Amino acid sequence: MQPWADEVHRELKQAGVRLVGYVPDAGHKRLIELCHADKSMRSVVLTTEEEGIGLAAGAWLGGARSALLMQSSGVGNIVNVLGILKTCRFPLVIVVTMRGEAGEFNSWQVPMGEGTQAAFEIMGVSVKRASAPGEVAPLVAQALKGEQAAAILISQKIIGIKSFQDQTNQ
Amino acid sequence: MKLHRRDVVKKLLEKRGSLLVVAGLGSTSWDITAAGDHPLSFPTWGAMGQAAMMGLGLALAQPKRRVLVITGDGEMLMGLGSLATIGVQKPKNLTVVVIDNERYGETGMQVTHTASGVNLAAVAKACGFKTSRVVTKNISLRDTIHRTAGPHFLQIKVVAEKLPLVLPPQDGVQLKDRFRRALLGKG
């Protein structure tokens, strides 16, 4: 159950988002399904998060608004290409599910989780953290109004995955 | 007889009409500028590896327009995964051209993987591009770029040569805004 995902999907739709790039994450499962089921959106699965930045830049050149979904480990994959959002002032809302926080079962997720916010900020992307389910959609809505590069980090306690078994059961 | 990149790119952009163009960073951005700067060209100065994905975003946003990506072999190799992503999305209006001199032209002409036989056209074909081929001769590619259903991939082998720089505007906001104004009537 990820009720925040339904709220985020509504906000994306209301803001006229037509393209949704994503690298899957268990925490984004519901939102990805909602975007795929929505005929007004084209959902594009990516091989690496970097591709989502190129996709979004091209879409904006063509007049389409897009959003990008990923987990925190993907943020490290996009640092250099985030530069294009800043130099060309491309607006983009990036929704990130956090790993490596409280409740993490995989220690290899911890370093990137700890560095996620800083990685965005060194490249000029504004960051907001949602620490309760009800905070996610309003932060996404606010970011969509901002017309700039913005990331919303969804705290791992909202996702609540604590073991490999939980992850498989998502 | 080997092909020269500036001649090839000039010919690709001849009578371009409503074609939307994205160029990869470095030599291909200089090539499209040498052929004639245009508001519906988006030359990149960074974000290496993302030219083909920018073409995909543009092609999906503008399904009624033809989109042409012109990039180098080094730039394409950095974003090889994007060929798989494009192969899955199958935009009919997208052509990706790799101007392949088998070198990293901006950093001292070091060889790329294509010099050792890596066949980008075969990769694109395996990823699901509608057509994909290696071009070594001066032939017309107009139908491919402007008419027939894609996605198409063309790996055009060219001479490795150092040419005079012909630089496009560098201000990214200006490049983006002029493109959107020309295409959409807004910045």
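This is a predicted model: local features need pLDDT of at least 70, side-chain atom pairs count only at pLDDT 80 or more; totals for chains, interfaces and linings use all residues.
Q: Is the crossing in which α3(A) passes α3(B) right-handed or left-handed?
A: α3(A) passes α3(B) in a right-handed crossing. Residues are numbered from 1 along each chain as its sequence is written, while chains are lettered from A and ligands numbered from 1 in the order in which they are written.

Q: Which residues of α3(A) and α3(B) meet?
A: From α3(A) come A:Glu51, A:Gly54, A:Leu55, A:Ala56, A:Ala57, A:Gly58, A:Ala59 and A:Leu61. Facing them in α3(B) are B:Met53, B:Met54, B:Gly55, B:Leu56, B:Gly57, B:Leu58, B:Leu60 and B:Ala61. Contact here means C-beta atoms, placed from the backbone, within 7 Å. The residues of this contact divide into 11 nonpolar, 4 polar and 1 charged.

Q: What makes up the side of chain A that touches chain B?
A: The contact takes 26 residues from chain A and 28 residues from chain B. On the chain A side, β2 (42-45), α3 and α4 (83-88) each give two or more residues. α3(A) gives the most, with 10 residues. That side divides into 14 nonpolar, 8 polar and 4 charged residues.

Q: Why is A:Val136 called buried?
A: Count its neighbours. A residue is buried if 20 or more other C-beta atoms lie within 10 Å of its own, exposed if 12 or fewer, and partly exposed in between. A:Val136 has 27, so A:Val136 is buried. A:Val136 is found in helix α6 of chain A, residues 133-146. Leaving aside neighbours within four places in sequence, A:Val136 is in contact with A:Trp4, A:Glu7, A:Val8, A:Ala130, A:Ile152 and A:Ile154.

Q: What makes α1(A) roughly parallel to α6(A)?
A: The two helices pack at an angle of about 15°, with their axes 8 Å apart. That angle makes α1(A) roughly parallel to α6(A). Their crossing is right-handed. A:Pro3, A:Trp4, A:Glu7, A:Val8 and A:Glu11 in α1(A) meet A:Pro133, A:Val136, A:Ala137, A:Val140, A:Ala141 and A:Leu144 in α6(A). These residues divide into 9 nonpolar, no polar and 2 charged.

Q: How do you know that the buried residues of α2(A) lie on the same side?
A: Look at helix α2 of chain A, residues 29-37. There A:Leu31, A:Ile32, A:Leu34 and A:Cys35 are buried. They cover an arc of only 160° around the axis, which puts them on the same side of α2(A). The buried residues pack against α1 (3-14), β1 (17-22), β2 and β3 (65-71) of chain A.

Q: Which residues bring α5(B) and α6(B) into contact?
A: B:Leu83, B:Ala84 and B:Gly87 in α5(B) meet B:Val123, B:Ala124 and B:Cys127 in α6(B). The count is 5 nonpolar, 1 polar and no charged. α5(B) and α6(B) cross in a right-handed way.

Key. A crossing is left-handed if the near helix is turned anticlockwise from the far one by less than a right angle, and right-handed if clockwise. Helices (H or I, at least four residues) and strands (E, at least two) are DSSP runs, numbered from the N terminus. Two residues are in contact if their C-beta atoms, placed from the backbone, lie within 7 Å. Ala, Val, Leu, Ile, Met, Phe, Trp, Tyr, Cys and Pro count as nonpolar, Asp, Glu, Lys and Arg as charged, and the others, Gly among them, as polar. The arc is that of the directions from the helix axis to the C-beta atoms. Axes are lines fitted to C-alpha atoms, for helices over the stretch in contact, and angles run from 0 to 180 degrees between N-to-C directions. Angles under 35 degrees count as roughly parallel, over 145 as roughly antiparallel, 65 to 115 as roughly perpendicular and the rest as oblique.
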